[in-house]
Amino acid sequence: MTKKEKIGLDLIYSHAGKRRVYETYLKSNPEMAQKYLEFISKNTAAQYIKWDGIKKKFKA
């Protein structure tokens with residue numbers, strides 16, 4: 001895990017909604033959880049995050 005991903009994980013666990021979403025993805029779809037972590041790591045200020053089913057990635 002990179003330093004940026006650790007910061008993203010800290011951000012996820014400091015926010016109740018993001019933590020719930022991340023933990024749900026970990027249980028149901030670990031690949032999607034990893035993409036969520038990568039997105040949060042790169043976009044720390046993103047508030048409203050959506051899944052783009054066509055491009056298979058998250059967007060703000």
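Mentor: Lys 50, Lys 55, Lys 57 and Lys 59 form a positive surface patch. A patch takes residues with over 30% relative accessible area and no salt bridge, and joins like charges within 9 Å or nonpolar side chains (Val, Leu, Ile, Met, Phe, Trp, Tyr) within 5 Å. Lys and Arg count as positive, Asp and Glu as negative, and His and the chain ends are not counted; each charge is placed at NZ of Lys, CZ of Arg, CG of Asp or CD of Glu. Accessible areas come from the Shrake-Rupley method with a 1.4 Å probe, and for residues only the protein chains shown count as cover.

This is a predicted model, in which local features need pLDDT of at least 70 and side-chain atom pairs count only at pLDDT 80 or more, while totals for chains, interfaces and linings use all residues. Residues are numbered from 1 along each chain as its sequence is written, and side-chain values use heavy atoms, with hydrogens and water left out.

Lys 57 sits in strand β2, residues 57-59. Helices here are DSSP runs of H or I with at least four residues, and strands are runs of E with at least two, numbered from the N terminus. Lys 56 belongs to the loop between β1 (50-52) and β2, and its phi is near 60°, a positive value in a residue other than glycine.

Charge is also found in helix α3. A salt bridge (a side-chain nitrogen of Lys or Arg within 4 Å of a carboxyl oxygen of Asp or Glu) links Glu 31 to Lys 35, with the closest N and O atoms 3.8 Å apart. The two residues are four apart in helix α3 (residues 30-42), which means that about one helical turn separates Glu 31 and Lys 35. Glu 31 is exposed at 54% relative accessible area, and Lys 35 is partly exposed at 27%. The count by this rule is one salt bridge.

As for the whole chain, three helices and two strands follow the pattern α-α-α-β-β along the sequence. The radius of gyration is 11 Å, close to the 10 Å that the globule rule gives for 60 residues, so the chain is as compact as a globular protein of that length. That radius is taken over C-alpha atoms, and the rule is 2.2 Å times the number of residues to the power 0.38. Buried residues make up 28% of the 60 residues.

Terms used: Buried means under 20% relative accessible area, exposed over 50%, partly exposed in between (1.4 Å probe, protein chains only).
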